[in-house]
Amino acid sequence: MRETAKALREQGIVARFDVVPHLWPLSLELANVQIDSSDGGGPALTARKATVHPRFFALMSGKLLIQQIDIEAPHARIVLEHGELRNLAIKLPETKEKKSASPLHLPFDGFSITDGDVDLTIDDVRVQAHQLDLDVTNEDDAERGSSLEIALRAGESYVVRRRDADGTRAFDEDAICSLDARVRLTPDEVSVRRLELHGAADLDPGANTTPACRLSADDPRRVELELNHARMRLPKDGNPPDDASGHVRARAPIAIAARFAKTPDLGGWAGIDADVRLAPGMQLPEVNGKVTAGGVRVEQFHFADSVDADIAIANNVIRSPSTTVKLAGGTVHLKGVHVEPLAMTLGASADIDSIDFAELMRALGVADHPHVAWDI
């Protein structure tokens, strides 16, 4: 303990912990772990207990092979600015590009975190994750490297991002209400067996406006993401991914686009529930499923109370055999929608039923009190 603490101090790290060895099962336990920060803030790391289980017979033969690492109730605070660690007085090693990367071999068979908390700040983005449970199982191949089976669960967490919007400071304060993921990572591909994320997006640029997690079903701030039986082959030599497939269900507010580009005032939400496949040589992925939306608005123009469309994308052509739009008290049925985005062409036919002209004038922002009646 004394020698370890001395070596850490020489690197600018002040750490305190108790060491408890266990003979059976053979393990080394670090209790009451605390690493102080160098920026005057709270500790960089605290943990109730961290236990390392080495392989007994490997240790007897002079090899250190770790069977399991268990960490209970860790609380980590990490501050990164321009790629440099600011809350610990250590210098991160510079990464150098390698022409031929050797396989990654991790030195453990299993790794787990129970009831963890992470406070991570990277420049203008702060992530506060609570009630983290992480289980990692490692299968090591001598030639290909490590393959990981990862299970991650998180409770109510928050993501805060500061940005400039029209010369003023804006704050995006989103809530991640729940996260449950099961992922397999091999040297060649990523497989998402299950991923479920439910959250709430902050549409108010002011500070301290994080939305609550209990939102109604029609609230445009609801965020949902589900991936099932999804896989993506890892690209080589820095190329973009070109081989992926899976089922995706997602929903997000339309107004979130204002965070990434200058847009007019937007309202409503949009979602997709579809099977997606991308293969090498495709310009657009193949998609087969449904697109839904609600409360679609641009400035004062209300274009749709709801949208329900069957959609299929194949051979760079977007088709919708049936699209139903609720608008101004009536219904618009679109049939044979045919869009070729790469060729900039489109076509469709429409049946309009029971739209109230006065409601249409109000929805499109023409007049709040129209004096003309017209049955369409």
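Reader: In which strand is Asn32 found?

Author: This is a predicted model, and in this model Asn32 is found in strand 2, residues 27–35.

Reader: What is the phi of Asn32?

Author: Asn32 has a positive phi of about 55°, although it is not a glycine.

Reader: Is Asn32 buried or exposed?

Author: The cut-off for exposed is over 50% relative accessible area. Asn32 has 52%, so it counts as exposed.

Reader: Which loop holds Ala328?

Author: Ala328 lies in the loop between strand 18 (317–327) and strand 19 (330–340). Ala328 has a positive phi of about 50° and is not a glycine.

Reader: Is Ala328 buried or exposed?

Author: Buried means under 20% relative accessible area. Ala328 has a relative accessibility of 5%, so it counts as buried.

Reader: How should I read a strand before I look at its partners?

Author: Begin with the side chains. In a regular strand they alternate between the two faces of the sheet. Then look at the pairing. Strand 3 and strand 4 run antiparallel and are joined by six bridges. Strand 4 also pairs with strand 7 (residues 108–122), in the parallel sense, again over six bridges.

Reader: Which residue stands opposite Ile71 in strand 7?

Author: Ile113 in strand 7 stands opposite Ile71.

Reader: Which residues make up the largest nonpolar core?

Author: The core has 11 residues in all: Ala15, Phe17, Val33, Ala47, Ala50, Ile66, Ile69, Ile71, Phe108, Val136 and Leu148. Strand 1 (15–22), strand 3 (45–54) and strand 4 (66–72) are the elements that give two or more residues to this core. Strand 4 gives the most, with three residues.

Reader: Where is Glu173 found?

Author: Glu173 is found in strand 11, residues 168–185. Glu173 is buried and has no salt bridge. The nearest side chain of opposite charge is that of Arg259, 8.9 Å away, whereas a salt bridge needs atoms within 4 Å.

Reader: Which backbone nitrogen does the side chain of Glu173 reach at 2.6 Å?

Author: That of Thr209. The backbone nitrogen of Asn208 also lies 2.9 Å from a polar atom of the Glu173 side chain. Leaving aside neighbours within four places in sequence, the residues in contact with Glu173 include Val159, Val160, Asp202, Gly206 and Pro211.

Reader: Where does Gln283 lie?

Author: Gln283 lies in the loop between strand 15 (266–278) and strand 16 (286–298). With a relative accessible area of 60%, Gln283 is exposed.

Reader: With which residues is Gln283 in contact, leaving aside its neighbours within four places in sequence?

Author: Gln283 is in contact with Asn316 and Leu342. The side chains of Gln283 and Asn316 are joined by a polar contact of 3.0 Å.

Reader: How many residues apart in sequence are Gln283 and Asp115?

Author: They are 168 residues apart in sequence, and 44 Å apart in space, C-alpha to C-alpha.

Technical notes
Residues numbered from 1 in each chain as written. Predicted model: local features only at pLDDT ≥ 70, side-chain atom pairs only at ≥ 80, totals over all residues. Heavy atoms only, no water. Helix = DSSP H or I, 4+ residues; strand = E, 2+ residues; numbered from the N terminus. Buried < 20%, exposed > 50% of the residue type's maximum accessible area, 1.4 Å probe, protein only. Contact = heavy atoms within 4.5 Å. Polar contact = N/O pair within 3.5 Å; in protein donor to acceptor, adjacent residues only side chain to side chain. Core = buried A, V, L, I, M, F, W, Y, C linked by side-chain atoms within 4.5 Å. Lys, Arg positive; Asp, Glu negative; His and termini not counted. Pairing = 2+ DSSP bridges.
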